[in-house]
Every structure is written in C-alpha cells, then in structure tokens.
Amino acid sequence: MVEVSLHALYPDHTLLPILGCDTTVFYRNKMDFSFGQKDNSVYLGLKEKGQFDRVVPLETCQTQSPKTIFILQDTAQFFSDRHYHAWDQKNHTGMLRYLVMRHSKTTNHFLLTLVVAKDSPDYLDYAAFICNRHPEISGVCVGIHDGRSDRSFVPDATCIFGKDSIEEHILGNRYTITGPSFFQTNTYQAAVLYRVINDWCEASSHDTVLDLYCGTGTIGLSLAKKVGNIIGVDDNPANIKLASYNQEQNTILNASFVLENVKNFLKFSPIKANWAIVDPPRDGLIPKALRRIAERKIQHVIYVSCNLKTLFRDIKLLSEYGYILQKIQPIDMFPHTDHIETVVKLTFKGPK
C-alpha cells in the first residue's frame, strides 16, 4: 500500500526496500500501562482499542522486557494489599491511573513513573519495595493528574526514589532520558534511523545543519562529528535542557540548542544553513514552517515521519515550493503493527 501510494504521487522517486527490525519482541523502551479494577483488587494492563474505560489485564508482555510483567504484578499486589482503587474514567474516582515504564536496551535499567490522582505517603514505600524486588529499577517518579482527561503524560513528575533518568548508548553517544522526554520507542531501530540520516546527510565540516523539532537532540548530536555546526530548535524547555545536557556529557562542542518555535526561528534567525533535518510531531509541519524552509532556500531537507498521511501532504507542499523528492526509506520501527517510520530526502531546485 505504501509503495502504490508513493508511485501514484511521485513516479520518479526512489523507494528503497523497508529496513526490517531484527528484534521483533521485547523491543519497546517505553510503555504506558493502565490500572484496572476487579472486585477489591487492582491490576495493570492496556486500554482496549476504542474503549477508553476498559483495561485488558496482561498475563505476559513481549513488547518491552521479560522483566516487565513481574514489575506489573508486584506493583498491582502492593496497591491491592493496601486497598487502593484504580481511577474510574466514567465516575472520576479512585487513585491509580498509569504506570509509565521506561527500559534502557543498552544498560538494562528501568525508570518508573506512577501517575496518580492524589499524593500519598505510601508511594515512597512502594518505591522502596519495587526497587528492592527489582534492582534493575534505577528510579521511581510520581506525577499527579487529577483532571478528567485521560492521559499518562505528566510533565512535572517528581522523583521520589533513586534517579530521575536512564541512559541509552547509540552510535557512540550517551543519551540521558527522563520520564516525560521524547525518545524513539525502539532503541535498536533508532540506531538504524540515525545511520540512514548520517549516510544521507552529505554536509561537510564547513556546513551548518538545522535540527528542527530536535527533541532531546539525539539526531543532531549523532551528526556532529561530520558537520561544521548543529543548531537544534524546539519549543519545549525540558527538551532543550536535556539536549544541552546530552551535548555536554558527550563533549560535543559544535552543537547548540535554541528554545524557539520552529516557524519563528525560520523567519527571524540570521543563521544560514544548506541542510535541515526535520522530525516533527505526528501532525507534521504547519504550512508557515514549510513555506519558510523554501523561502530560506535550504538546499537539502531530510524529513523523518511516523505518519504517512501528513508526510505525503508535506511532500506535496514542498514540491510546490520547488523541492524534488530524491529518495524514500521506510524503517520498521514498530514490529507486529501497521505503523512505519519513514525517512525522505528532498533537494531544492527552485520554483516551478
């Protein structure tokens, strides 16, 4: 289906074979597990597709780590023994909402974030208990969310035990990851993705490369050794803080990170660059950002997307501004699902 759609839109493009994932189980480094209630006990599982208020209990979990299911079972037992109740999405009652679990594939450390409706002194006891049961857990954080919206993301979670971060090591760099920070969910394929970008980016040691929607700086920092300068841009203060920390811990001197909206940066910044790496959210780029990339005549754009619909839309708009699609590389970042990560390279040829 992907190939048919691309051929219909761009008959002269180069569509490369999908890069498969060698590890198809236990590959995710982050999972959001929901608390459910059965009689007087709580359990942990996943939301049923299309059912915001139904949590399917798990007896095994082959998407993150063999250790994951035991952490879930021990967590459920701890709170059941203390008569805690899961959050009821219809009645907006209860305490326990989510357990967000990060697992480093390269250090085998875990970071837990307990998302709850209210604070409680029992959470410190839970943190000590679960870390004692599972020494691989480096830290436990607690995030308070007492609103009606159903979300597991709490930007201001507090670390109550151990460390508030874990590390991944990819292509020679160390990346610190906190509970709320963005990181590619498949560490193994993140390395594949970064290699593709490095191979495609032919910038020299004199060139400046823009890393737009840089997140915690991982893509830009992976390029730093081969280019003149990396300028990362993101409007999330926590991302920029962590990107700068990742730069420092890897002793990378030719990178800097700017806290700014991408479209405003492209409009007002005097920095000139012939290369841009773009890894936007699922909604893609807004039209103003696309237009300003073209107005700056950035010669080469490498666009990373997990959403084919918005990717096709943005490629079409960029082609109207004079960009030519050079090649497309699908990467299986999410085995056993119908989702795919896609990298495209575009070159500016001028208005039609």
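Colleague: I am new to this structure. What kind of crossing does α2 make as it passes α3?

Modeller: The crossing is right-handed: that is how α2 passes α3. Keep in mind that this is a predicted model.

Colleague: How do I read the packing of two helices?

Modeller: Two numbers describe a pair of packed helices: the angle between the axes and the distance between them. Now the case here. Helix α2 covers residues 68-81, and helix α3 covers residues 122-133. The two pack at an angle of about 145°. Their axes are 11 Å apart.

Colleague: Which residues of α2 and α3 meet?

Modeller: From α2 come Ile71, Asp74, Thr75, Phe78 and Phe79. From α3 come Asp122, Tyr123, Asp125, Tyr126, Phe129, Ile130 and Arg133. By type, the residues of this contact divide into 7 nonpolar, 1 polar and 4 charged.

Colleague: What does the spacing along a helix tell me?

Modeller: An α-helix has 3.6 residues a turn, so residues three or four places apart point the same way.

Colleague: Now the aromatic rings. How many aromatic pairs does the structure hold?

Modeller: It holds 10 aromatic pairs. A pair is described by the distance of the ring centres and the angle of the ring planes. Take Phe35 and Phe79. Their ring centres are 6.2 Å apart. Their planes stand at 85°, so this pair is edge-to-face.

Colleague: Why does the pair of Phe35 and Phe79 tie parts of the chain together?

Modeller: Phe35 lies in strand β1, residues 30-38, and Phe79 lies in helix α2. These parts are 44 residues apart in sequence, so the pair ties them together.

Colleague: Is Phe35 buried or exposed? And Phe79, buried or exposed?

Modeller: Phe35 counts as buried because its relative accessibility is 3%. Phe79 is buried too, with a relative accessible area of 0%.

Colleague: Which residues form one aromatic cluster?

Modeller: Phe35, Phe78, Phe79, Tyr84, Tyr123, Tyr126 and Phe129 form it. Phe78 also has a charge over its ring. The charged end of Arg82 sits there, 3.7 Å from the ring centre. Elsewhere, Arg97 lies over the face of Trp87, at 4.1 Å from the ring centre.

Colleague: Let us turn to loops. Where does Asn108 lie?

Modeller: Asn108 is in the loop between β4 (96-103) and β5 (110-116). Its relative accessible area is 39%, so Asn108 is partly exposed. Setting aside residues up to four places away in sequence, Asn108 touches His103 and Glu136. Sequence distance and space distance can be read side by side. Asn108 and Ser138 are 30 residues apart in sequence, and their C-alpha atoms are 9.7 Å apart in space.

Colleague: Which residues in helix α8 are buried?

Modeller: In α8, residues 287-295, the buried ones are Ala289, Leu290, Arg292, Ile293 and Ala294. Just after α8 comes Lys297, with a positive phi of about 55°.

Colleague: Where is the place of Lys297?

Modeller: Lys297 is in the loop between α8 and β14 (300-305). Lys297 is a residue other than glycine, yet its phi is positive. With a relative accessible area of 51%, Lys297 is exposed.

Colleague: What is the phi of His336?

Modeller: His336 has a positive phi of about 70°, although it is not a glycine. His336 sits in the loop between β15 (323-331) and β16 (341-348). His336 is exposed, because its relative accessible area is 67%.

How values were computed
Residues numbered from 1 in each chain as written. Predicted model: local features only at pLDDT ≥ 70, side-chain atom pairs only at ≥ 80, totals over all residues. Heavy atoms only, no water. Axes fitted to C-alpha atoms, helices over the stretch in contact; angles between N-to-C directions. Helix = DSSP H or I, 4+ residues; strand = E, 2+ residues; numbered from the N terminus. Left-handed = near helix turned anticlockwise from the far one by under 90°. Contact = heavy atoms within 4.5 Å. Nonpolar A, V, L, I, M, F, W, Y, C, P; charged D, E, K, R; others polar. Phe/Tyr/Trp six-rings, centres within 6.5 Å; stacked < 30°, edge-to-face > 60°. Buried < 20%, exposed > 50% of the residue type's maximum accessible area, 1.4 Å probe, protein only. Lys NZ or Arg CZ within 6 Å of the ring centre and 35° of its normal.
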